[in-house]
Amino acid sequence: MPAPRERVVAYTDGACRGNPGPGGWGVLLRDGTREKELSGSDPATTNNRMELLAVIRALESLPAPSDVRLHSDSRYVIDGMTRWLSGWRAKGWKTADKKPVKNRDLWELLAAAAARHAVTWIWVEGHAGDPGNERADALANAAIDARP
């Protein structure tokens, strides 16, 4: 009998000062009573890349396959994973209007990271008082501020 999966709640967010510009990503992970925060930055990036990277880092940080309730305020991430990804793959990484998928490198990393887990994708409204989303946003912005 397989071992029971960990149940993890993840909040992720990306931020960018200018688009493109310096960016940051933040993650808040909760597993029962334990919490873990992750963050990072990039000197020249876009908001969408930071949103994707936050989710990638959240899922990659989990040591074992887990049941993950992943909260993001990015429709780009949520719709990409729940609506668009299979079509992009089937069309050779082209959009519906036959253009190359932007950020393909990160979408491929995200798809691989998500495949290890049972992920429930949950959209939350950004800057609307959700404590987990607000914390992930603060981590992303702090990562930008901490850049030399």
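Which residues does Thr12 touch, not counting residues up to four places away in sequence?

## Basis of the model

The model is predicted: local features need pLDDT of at least 70, side-chain atom pairs count only at pLDDT 80 or more, and totals for chains, interfaces and linings use all residues. Residues are numbered from 1 along each chain as its sequence is written, and side-chain values use heavy atoms, with hydrogens and water left out.

Thr12 lies in strand β1; strands (E, at least two residues) and helices (H or I, at least four) are DSSP runs numbered from the N terminus. Thr12 counts as buried because its relative accessibility is 0%, where buried means under 20% relative accessible area, exposed over 50% and partly exposed in between (1.4 Å probe, protein chains only).

Beyond four places in sequence, Thr12 touches Gly26, Val27, Ala54, Val55, Ala58, Leu70, His71, Ser72, Asp73, Asn133 and Ala136, contact being heavy atoms within 4.5 Å. Leu70, with neighbours within four places left aside, is in contact with Ala10, Thr12, Val55, Leu59, Val119, Thr120, Trp121 and Ile122.

## Position of Ala90

Ala90 belongs to helix α2 (residues 75-90) and counts as exposed because its relative accessibility is 72%. The C-alpha atoms of Ala90 and Val124 are 29 Å apart in space, with the two residues 34 apart in sequence.
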